[in-house]
Protein chains: 2
Amino acid sequence: VAFSSGNHAQGVAAAAKILNMQATIVMPADAPLSKRDRTKSYGAEVVLYDRDKEDREAIANGIASKRGATLVRPYDDPFVIAGQGTAGREIAEDMTARGLIPDIVVAPASGGGLIAGVATAVKSRFPNAELIVAEPKGYDDHALSLKVGHREPHPAAARTICDALMAAMPGELTFSINSKLLARGVSASDEEVAAAVAFAYRELKLVVEPGGAVGLAALLAGRIDAKGKNVVIVLSGGNVDADLFAKLVA
Amino acid sequence: VAFSSGNHAQGVAAAAKILNMQATIVMPADAPLSKRDRTKSYGAEVVLYDRDKEDREAIANGIASKRGATLVRPYDDPFVIAGQGTAGREIAEDMTARGLIPDIVVAPASGGGLIAGVATAVKSRFPNAELIVAEPKGYDDHALSLKVGHREPHPAAARTICDALMAAMPGELTFSINSKLLARGVSASDEEVAAAVAFAYRELKLVVEPGGAVGLAALLAGRIDAKGKNVVIVLSGGNVDADLFAKLVA
């Protein structure tokens with residue numbers, strides 16, 4: 001059993017399929033259709049909940065205890081963080097192969113698992129690299145928490161097109177890592193994220209979902225001082241419904 | 001001076017910019033707007049012609065002789081073929097690094113320069129690889145020419161969404177290479193190409209233009225016997241206007 005806005009969902013569903021196990025994924029009812037369809041396509045059962053009124057963790061725990069299933073958390077799990085950290089290991093290996101030293105590494109965060117793993121891997125090879133967490137405007141609980149030194153929820157009740165990055169506050173385990181390794185946070189508005197998705201389409205020929213493009217959005221908006229520096233931006237997630245993608249790249 | 005439906009155009013324009021030289025590109029008036037804009041963005045002058053009524057080679061030759069410029073042909077040029085062959089070299093290196101032997105390598109063709117370069121590079125490392133040329137339905141002059149053993153134009157006056165692959169017949173230099181190295185041709189309809197563009201968007205998270213997806217289209221349509229084989233498909237070109245892309249992936 002997992003709860004996820006859609007990308008962790010697909011990972012758990014795909015892993016369960018490979019291992020010939022059953023998977024049940026608790027997803028918000030307003031998750032992109034493409035994420036729901038792809039999760040089901042791996043044979044997983046999808047249980048929908050209301051993002052505003054229901055507690056996905058309680059629903060997932062209920063299913064897990066009733067069925068004797070194991071809960072695979074989207075971020076507060078050392079194995080999931082280690083898996084996501086392979087992206088950081090690839091960054092370190094690719095930069096080393098090119099004879100480059102990364103000055104700045106940017107990755108998006110919802111619960112903070114991806115950037116915790118990336119930061120652990122990158123910092124172990126490049127201790128002077130500056131790790132920056134990217135979040136949607138109004139959902140900048142990591143930036144806020146890094147500033148005050150403890151976990152703080154973001155204040156907003158706003159919506160964002162970054163459906164993957166809507167966790168209310170940093171994870172416990174992830175923040176114990178991130179508070180030590182991250183320098184600061186940057187954020188980007190929906191308009192800036194849309195421009196970054198269009199940039200990736202036009203210039204990089206990559207399909208990047210809004211949440212995956214938030215670091216690139218902050219860079220393009222001039223919020224990261226990149227001049228003369230080696231900057232690595234993690235573009236994570238490409239599951240965006242065709243009608244929204246068409247609007248963003250138009 | 002170059003003539004090109006849009007991708008060679010960008011290459012020549014970008015090279016001229018790097019070398020601080022002037023470039024003039026003769027492009028069909030119905031070329032995708034994105035190709036025209038990107039060519040201009042490199043500082044090149046774009047001269048439009050009517051694909052049905054005018055001879056692009058004559059126009060380019062006229063400009064070249066008037067201005068004392070050098071004509072850089074899109075395919076019948078040994079240096080251009082060698083440059084495009086670096087894609088084949090990358091295939092050979094990547095397969096070697098993975099300990100794999102490619103059984104089949106597929107690449108699209110208009111004048112045949114890309115596949116001539118790819119075939120030369122791949123065959124030099126893997127002489128038993130089967131090289132297959134992919135073309136749009138009705139524009140299968142390579143398939144036809146390979147069958148009869150000499151250069152034949154395609155019969156159609158049809159249109160295709162593969163704007164990059166509309167050359168009337170194989171190049172002279174390219175066919176002298178391709179007739180020795182290619183096994184056969186496959187083709188795909190507009191509907192099959194659209195499905196391949198959507199597949200690349202959905203599954204590979206790549207933006208591929210119609211002409212670049214024709215090999216993948218033939219594979220997905222079951223026209224290449226891939227079972228148990230290592231198949232390499234070249235996806236070349238990602239310059240597709242946003243409105244057409246939206247229609248194709250919808």
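This is a predicted model: local features need pLDDT of at least 70, side-chain atom pairs count only at pLDDT 80 or more; totals for chains, interfaces and linings use all residues.
**Entry 1: B:Asn178**

I located B:Asn178 in helix α7 of chain B, which spans residues 172–181. Is B:Asn178 buried or exposed? I read a relative accessible area of 0%, so B:Asn178 is buried. Setting aside neighbours within four places in sequence, I listed its contacts as B:Gly112, B:Ile115, B:Ala116, B:His142 and B:Leu146.

**Entry 2: confidence**

I checked the scores of the model next. For chain A the mean pLDDT is 95, and 100% of the residues reach 70 or more. The model as a whole scores ipTM 0.90 and pTM 0.93.

**Entry 3: relation of the two chains**

The same surface serves both copies, since 100% of the contact residues of chain B recur in chain A.

**Entry 4: helix α10 in chain A**

Which residues of α10 in chain A are buried? In this helix, residues 242–249, I found A:Phe245, A:Ala246, A:Leu248 and A:Val249 buried. They cover an arc of only 165 degrees around the axis, which puts them on the same side of α10(A). On the face turned away from that buried side I noted the exposed residues A:Asp243 and A:Lys247. I then asked what covers the buried residues of α10(A). The cover includes α8 (190–204) of chain A, and from chain B both α8 (190–204) and α10 (242–249).

**Entry 5: helix α10 in chain B**

I repeated the search in chain B. The buried residues of α10(B) are B:Phe245, B:Leu248 and B:Val249. Seen down the helix axis, they fall within an arc of 85 degrees, so they line one face of α10(B). The face turned away from the buried side carries B:Asp243 and B:Lys247, both exposed. The buried residues of α10(B) pack against α8 and α10 of chain A, together with α8 of chain B.

**Entry 6: the nonpolar core**

Which residues touch the most other members of the largest nonpolar core? Of its 54 residues, I found that A:Phe245 and B:Phe245 do. Not counting residues up to four places away in sequence, A:Phe245 touches A:Val197, A:Tyr201, A:Val207, A:Val208 and A:Val240, and in chain B it touches B:Tyr201 and B:Phe245.

**Entry 7: positive phi in chain A**

I looked for backbone exceptions. Most residues other than glycine have a negative phi. A:Asn20, although not a glycine, has a positive phi of about 60 degrees. I placed A:Asn20 in the loop between α1 (7–18) and β2 (24–28) of chain A. Its relative accessible area is 73%, so A:Asn20 is exposed.

A:Lys205 is not a glycine either, and has a positive phi of about 60 degrees. I found A:Lys205 in the loop between α8 and α9 (214–220) of chain A. With a relative accessible area of 17%, A:Lys205 is buried, whereas A:Asn20 is exposed.

Terms used: Residues are numbered from 1 along each chain as its sequence is written. Chains are lettered from A and ligands numbered from 1 in the order in which they are written. Side-chain values use heavy atoms; hydrogens and water are left out. Contact means heavy atoms within 4.5 Å. Buried means under 20% relative accessible area, exposed over 50%, partly exposed in between (1.4 Å probe, protein chains only). Helices (H or I, at least four residues) and strands (E, at least two) are DSSP runs, numbered from the N terminus. The arc is that of the directions from the helix axis to the C-beta atoms. pLDDT is the predictor's confidence in each residue, from 0 to 100. A nonpolar core is a set of buried Ala, Val, Leu, Ile, Met, Phe, Trp, Tyr and Cys residues joined through side-chain atoms within 4.5 Å.
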